[in-house]
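Let's take a walk through this structure together. Have the sequence and the 3D view side by side as you read.

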Amino acid sequence: MKTIELIAPCHFGLEAVLKKEIYNLGYEISRVEDGRVTFIGDEEAICRSNVFLRTAERILLKVGSFSATTFEELFQGTRAIAWEDYLPQDGKFWVAKASSIKSKLFSPSDIQSIMKKAMVERMKSHYGITWFPETGASFPLRVFLLKDVVTVGIDTSGESLHKRGYRALTSKAPITETLAAALLMLTPWNKDRILVDPFCGSGTFPIEAAMMAANIAPGMERGFLAEEWKGLIPRKYWYEAMDEAREQVDRFVETDIQGYDIDGDIVKAARANAHAAGVDHLIHFQQRPISALSHPKKYGFLISNPPYGERIEEKENLPALYREIGERYKGLDSWSMYLITAYEDAERAIGCKADKNRKIYNGMMKTYFYQFIGPRPPRRGGSPVKKAEGIGD
């Protein structure tokens, strides 16, 4: 099979999590940059990475990279790419998104327009026609300009990979599925440990955790744009990737995953989403306020995306809410707590300083991942080690 480079964008600050995922899938990393990881693969890797990667936002087929400080250089560099190797005569092609950082060319609309013209010129020369119907499969491009270096990729995913297909109903300010999965992977939680989300909203943290526990690949129940690319990726690779995913599922795994929310309608929505994901039997959802949070067992994990006051009137309630979180956490025996929030006074209100604090951009919003690390459960015949639940980078 032909060796190719693939680009996987991700949330800023979580590149190391995605890098580890790609390694575990069996592929070699060629480059790590802010917000994306590039790796070496083949046509089969396009299918497997779309189906199996939990923390990537999409998978791009890298088709070229060149320097450009003028629009003429951008035109010529784009025209030099062998587009005929990727795009059929009836293919629909356009620059869906262009981003520019520390580059002389910075206008997305101009970059998109000039690159489209250059592609058309190249295609005209190769196919010997002057007009393209664009009635066939879609080939949207994503372009990154960083320090005057242009990197061009064709989107193989279509809809963002955070759209697993299970979340039909959402709560206010939901966390995305890819971000929830990445944050879970930053903790030492595994399927044998207790997990509670006291602000579960539409259920994303518990559902993603249950999917991990049951080995359910995130892309099993959705389609991908590149499935339409008949000339580039043999159909059998998609079938093989899905067969591989189905063979790994363990729906009989035993878990202790719980999701609570004060809003009964939201809890119903979370249950419906869990059912759509095929993991409703692995999660206990219940209408319950944070003030009622308790658990008799030791060494559990509290992982949540609590409210952080998007409106002024909500912000007035935050100190009392986070103080309650701190009090409930102190009542849990030997637990760890992980919170993602944009509330900058969270530690003060909780009443203790986090062991670690990681800055993460959730879209354009700066958030903090506060990590209060509890002791490990004892080994047989041993005693627990204090603060031993380190966060893997």
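Phe 93, Tyr 127 and Phe 132 are linked into a cluster by ring pairs; rings of Phe, Tyr and Trp (its six-membered ring) pair if their centres lie within 6.5 Å, and planes under 30 degrees apart count as stacked, over 60 as edge-to-face and the rest as tilted. The charged end of Lys 116 sits over the ring of Phe 93, 4.0 Å from its centre (for this, NZ of Lys or CZ of Arg must be within 6 Å of the ring centre and within 35 degrees of the ring normal).

A quick word on what you're looking at: this is a predicted model, where local features need pLDDT of at least 70, side-chain atom pairs count only at pLDDT 80 or more, and totals for chains, interfaces and linings use all residues. Residues are numbered from 1 along each chain as its sequence is written, and side-chain values use heavy atoms, with hydrogens and water left out.

Back to the rings: the structure holds 10 aromatic pairs. Phe 139 and Trp 229 have ring centres 4.8 Å apart and planes at 15°, so they are stacked. Phe 139 lies in strand E6 and Trp 229 in the loop between H6 and helix H7, so the pair ties together parts 90 residues apart in sequence (helices, H or I, of at least four residues and strands, E, of at least two are DSSP runs, numbered from the N terminus). Phe 139 is buried at 2% relative accessible area; buried means under 20%, exposed over 50%, partly exposed in between, with a 1.4 Å probe and protein chains only.

As for helix H6, 10 of its 10 residues are buried, so it is largely enclosed by the rest of the structure.
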